[in-house]
Amino acid sequence: MNEVKSLLSRARRYIKSAKLLIKDGDHESAVSRVYYAMFYSVEALLLTKGLSFSSHKAVISTFGQHFKYLAYVI
């Protein structure tokens, strides 16, 4: 569970960073930060199901398989 908390903490930091970048007018970098905040949140969600992956592609693919209804919203 510590890894889940760590990933969610990282996601919150990235959102905070994105807000600062938006204030500074750097929207492209802000989008990147928000993307990674979402990615770390998804990693944390998958970990709660006992799923862990070493590749970016595997995380995204598995999210789509296990949470199809959310994948369409996002």
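The model is predicted, so local features need pLDDT of at least 70 and side-chain atom pairs count only at pLDDT 80 or more, while totals for chains, interfaces and linings use all residues. Residues are numbered from 1 along each chain as its sequence is written, and side-chain values use heavy atoms, with hydrogens and water left out.

The chain holds four helices and zero strands. Helices (H or I, at least four residues) and strands (E, at least two) are DSSP runs, numbered from the N terminus. Read from that end, the order of elements is α-α-α-α. The C-alpha trace spans about 40 × 30 × 20 Å along its principal axes.

The chain has 74 residues, and 24% of them count as buried. Buried means under 20% relative accessible area, exposed means over 50%, and partly exposed lies in between (1.4 Å probe, protein chains only).

Contact means heavy atoms within 4.5 Å. Among contacts in the chain with a separation of 6 or more, 30% join residues 24 or more positions apart. The chain carries 11 positive and 5 negative charges, and their mean positions are 10 Å apart. Lys and Arg count as positive and Asp and Glu as negative; His and the chain ends are not counted. Each charge is placed at NZ of Lys, CZ of Arg, CG of Asp or CD of Glu.

The largest nonpolar core has 13 residues. Such a core is a set of buried Ala, Val, Leu, Ile, Met, Phe, Trp, Tyr and Cys residues joined through side-chain atoms within 4.5 Å. Y40, V42, L46 and V59 have the most contacts inside this core. Helices α1 (2-23), α2 (27-48) and α3 each supply at least two of its residues. The largest share, six residues, comes from α2. In soluble globular proteins, nonpolar side chains tend to be buried together.

Helix α3 covers residues 56-66, and its buried residues are V59, T62 and F63. These residues cover an arc of only 105 degrees around the axis, so they sit on the same side of α3. The arc is that of the directions from the helix axis to the C-beta atoms. K57 and Q65 are exposed on the other side of α3. An α-helix has 3.6 residues a turn, so residues three or four places apart point the same way.

T62 has a relative accessible area of 8%. Residues up to four places away in sequence are not counted here, and T62 then touches L46, L51 and F53. With neighbours within four places in sequence left aside, V59 is in contact with F39, V42, E43, L46 and F53.

R10 is in helix α1. This arginine is partly exposed, at 33% relative accessibility. R10 and Y36 are 26 residues apart in sequence, and their C-alpha atoms are 9.1 Å apart in space. R13 also belongs to helix α1, and at 48% relative accessibility R13 is partly exposed. R13 and S61 are 48 residues apart along the chain, with 24 Å between their C-alpha atoms. M38 lies in helix α2 and is partly exposed, with a relative accessible area of 38%. M38 and E28 are 10 residues apart along the chain, and their C-alpha atoms are separated by 16 Å.
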